[in-house]
Amino acid sequence: MPDTNTPDADGSNSATSSRRVLVTGAAGFVGSHLVQRLLRDGYEVTGLDIDPGRRPTPEGVEVIAADIRDEAALARAFAAVRPHTVFHLAAQISVPASMRDPIADIEANVIGTVRLAQAAVAAGAQRLVFFSTGGALYGDPEVVPVDESMEPAPASVYGASKLAAERYLELICGAGGVKCSVLRPANVYGPGQDPEGEAGVIAIFARQMLRNEPVTIFGDGSQVRDYVFVEDVTDAALLAATGDPATCLIGRGEGTSTLDLYRRLASLCGYEREPLFADERPGDIARITVSTALARETWGWAPRVTLDDGLAATVEWFRERD
Ligand SMILES: NC(=O)c1ccc[n+]([C@@H]2O[C@H](COP(=O)([O-])OP(=O)(O)OC[C@H]3O[C@@H](n4cnc5c(N)ncnc54)[C@H](O)[C@@H]3O)[C@@H](O)[C@H]2O)c1
């Protein structure tokens, strides 16, 4: 079915412009890449983030300081921006933190998302693209790759919150006439990822290797993940915003073990030390990869960046900046 809300060809800035977008979590890793991509494609972009100073803001883009848990702040932001499309990335993103403090996770990832959806409906937004999770939605799956026909079985509060948020969005956006698409990304990596956090193993390894510091692998290194380059994910977000509304997994459909990742990164960084091994962390899953078939079929999306090219670009970024 053709989408009547595709962006204006002339890039019009009128009050009804379908090129006017709001990106929550715009100062985050994926959000900052998405903002750049939207700007390159001629969208009129406003960001929103609880901590807008986390990353430098591209010229011409305002990132509104607002908390998605704050109803009044959201109402003000939506009244000012009147977005046609909302990309919702703001979230509590740590799986271990979600287990330590479930309420904080639920407040940001469930209540915050519900408030955002209500604000989008009230302001007359037409489309919403939600960043859920692929990696944390299916627990430790018996069969890989997982696909969208499989019943989600989250093994963490973070995964459960993302699943709940998907369901609430379907109801609230459905009732409010906002077309909603959901991306379920696997493990996203690339330049600018935060190496200080608990996730983002590629950023963590790359920085430690470039500084010639010891690198610790949790578990025996056999854990398999589906690593997808951030620009492939932003491609998917744009297609999700203009194509048919759907819920799709986003990955490369290929698994890489932590030890394999270690070896590839060590070679790129010229790092010669052997890894240290520590106990697996509670909640860590053994193996996940995701099917890309539905995203291909629905949006014509396919990952374009090979793991080797993506790792090289990421290491280069850390080498230049660290
Ligand atoms: N990075 C991955 O591997 C990955 C994988 C699957 C899904 N996702 C999802 O993609 C999205 C972006 O992830 P990321 O890696 O860029 O994370 P990130 O932590 O770099 O970015 C999240 C941003 O949200 C902001 N934020 C947090 N709480 C907020 C609140 N209450 N109000 C307003 N802003 C708030 C943070 O300041 C941050 O800038 C998240 O929703 C995440 O769950 C990420």
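1. Basis of the values. The model is predicted, so that local features need pLDDT of at least 70 and side-chain atom pairs count only at pLDDT 80 or more, while totals for chains, interfaces and linings use all residues. Residues are numbered from 1 along each chain as its sequence is written, and side-chain values use heavy atoms, with hydrogens and water left out.

2. Strand 1 and its burial. Helices (H or I, at least four residues) and strands (E, at least two) are DSSP runs numbered from the N terminus. Strand 1 covers residues 20–24, and five of its five residues are buried (under 20% relative accessible area with a 1.4 Å probe, protein chains only; exposed is over 50%, and partly exposed lies in between). Arg20, Leu22 and Thr24 point one way, Val21 and Val23 the other way, and all are buried. In a regular strand the side chains alternate between the two faces of the sheet.

3. Partners of strand 1. Two strands are taken to pair if DSSP finds at least two bridges between them. Strand 1 pairs in the parallel sense with strand 2 (residues 44–49) over five bridges, and Leu22 stands opposite Thr46 there. The chain passes from strand 1 through helix 1 to strand 2 in a right-handed β-α-β crossover (with the strands pointing away from the viewer, the path from the first strand over the helix to the second runs clockwise). Strand 1 also runs parallel to strand 4 (residues 85–88), with four bridges joining them; here Leu22 stands opposite Val86.

4. Strands 4, 5 and 6. Strand 4 is joined to strand 5 by four bridges, again in parallel, and Val86 has Leu128 as its bridge partner in strand 5. Strand 5 and strand 6 (residues 179–185) pair in the parallel sense over five bridges, with Phe131 opposite Leu183. The crossover from strand 5 through helix 5 to strand 6 is a right-handed β-α-β crossover.

5. Ala136 is placed in the loop between strand 5 (127–131) and helix 5 (157–176). Ala136 counts as buried because its relative accessibility is 15%.

6. Salt bridges around Asp235. The structure holds 14 salt bridges (a side-chain nitrogen of Lys or Arg within 4 Å of a carboxyl oxygen of Asp or Glu). One of them joins Asp235 to Arg37, the closest N and O atoms being 2.3 Å apart. This pair links distant parts of the chain, with Asp235 in helix 7 and Arg37 in helix 1, 198 residues apart. Both Asp235 and Arg37 are buried.

7. The contact of Asp235 with Arg304. Arg304 also forms a salt bridge with Asp235, at 2.6 Å between the closest N and O atoms. Because Arg304 lies in the loop between helix 9 (293–299) and helix 10 while Asp235 is in helix 7, the pair ties together parts that are 69 residues apart in sequence. Arg304 is exposed, with a relative accessible area of 65%, whereas Asp235 counts as buried at 10% relative accessibility.

8. Arg252 and Glu254 form a salt bridge with the closest N and O atoms 3.0 Å apart. Arg252 is buried at a relative accessible area of 12%, and Glu254 counts as partly exposed at 46%. Salt bridges that share partners join Arg37, Asp41, Asp235 and Arg304 into one network.

9. Cavities. On a 1 Å grid over the protein atoms alone, a cavity is a set of points where a 1.4 Å probe fits but cannot get out, a pocket is an open set with protein on both sides within 12 Å along at least five of seven lines, and lining residues have an atom within 4 Å of a point. Grid points are joined across faces, edges and corners, and a volume is the space filled by probe spheres set on the points. The count comes to two cavities of 30 Å³ or more. The largest cavity has a volume of about 50 Å³, and its lining includes Ser32, Val35 and Arg55.

10. The second largest pocket. This pocket holds about 450 Å³ of space. Of its 24 lining residues, the closest to the centre are Ser32, His33, Arg55, Pro191 and Gly192. Helix 1 (29–40), helix 7 (230–242) and helix 10 (307–321) are the elements that give two or more residues to the lining, and helix 1 supplies the largest share, six residues.
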